[in-house]
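Work through the exercises below with the sequence and the model at hand. Each task is followed by its solution.

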Amino acid sequence: QMNLLPIGCVLILLLMPAQAEDIMFFSDDHYKSLGRPALAASAANPALQPGRGVLHINLANLGELEELMPINQGGPAQDVLREIKEEMKGCHALAINAALIASGSIQVTSGPVKVDDIAPGEKAMLDYNVSVMKNASGWKSLILNISYRRQADVSVNDGEVYPLYEAARDNLSIDVFVSGEGETLRVLAPALRADL
């Protein structure tokens with residue numbers, strides 16, 4: 001019975017990281033990267049006028065590579081080096097389809113925007129045609145419905161790259177201000193600390 005305790009501890013340690021993030025890997029992996037895309041969006045021009053206009057949205061990838069774990073150092077050196085390079089793409093958001101959803105007094109008159117790839121630390125500008133009702137005013141929230149793919153793992157054998165992709169979805173809130181009925185957008189400067 002005493003011999004089962006160390007085995008149980010090892011199994012618990014192996015299962016704990018998997019609960020935080022589902023770890024997928026090929027049986028012949030050389031390396032495994034940890035990290036995933038983290039998309040964030042905001043309006044580049046948050047003040048809209050009643051009528052027709054264009055809403056510009058910044059879509060940024062805040063994801064980052066957390067760790068590159070060695071799995072199996074055996075095999076041709078060229079395959080190992082190529083797999084290290086390919087594993088770095090695990091935080092890229094790929095084949096992005098971003099649809100802005102109409103809400104109340106703001107109608108969206110253009111379709112989804114497609115982006116091939118947003119690397120970690122990079123961003124893309126998405127443009128949507130919108131129509132704002134004449135009686136609209138004040139702060140409004142729109143939903144940016146995003147679907148994309150991420151590389152969950154990759155294997156390299158004899159110079160051939162075999163990526164494994166998984167689908168992901170996200171709904172991001174976009175706040176805009178409609179300056180109708182005489183309302184004006186006020187931007188308050190942050191208070192300065194006296195000790196700076």
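pLDDT is the predictor's confidence in each residue, on a scale from 0 to 100. Helices (H or I, at least four residues) and strands (E, at least two) are DSSP runs, numbered from the N terminus. The model is predicted: local features need pLDDT of at least 70, side-chain atom pairs count only at pLDDT 80 or more, and totals for chains, interfaces and linings use all residues. Residues are numbered from 1 along each chain as its sequence is written, and side-chain values use heavy atoms, with hydrogens and water left out.

**Exercise 1.** Find which elements have the lowest and the highest mean pLDDT.

Solution. By element, the lowest mean, 39, belongs to helix H1 (residues 4–20), and the highest, 98, to strand E8 (residues 113–118). Next, residues 1–21 have a pLDDT below 50, and this stretch makes 4 contacts (heavy atoms within 4.5 Å) beyond near neighbours in sequence.

**Exercise 2.** State the order of helices and strands along the sequence.

Solution. Count first: the protein has 2 helices and 11 strands. Their order is α-β-β-β-β-β-α-β-β-β-β-β-β.

**Exercise 3.** Determine which residues of helix H2 are buried.

Solution. Buried means under 20% relative accessible area and exposed over 50%, with partly exposed in between (1.4 Å probe, protein chains only). In H2 (residues 77–87), the buried residues are Asp-79, Val-80, Glu-83, Glu-86 and Glu-87. They line one face of the helix, because they fall within an arc of 130° seen down its axis (directions from the helix axis to the C-beta atoms). On the other side of H2, Ala-77, Gln-78, Leu-81 and Lys-85 are exposed.
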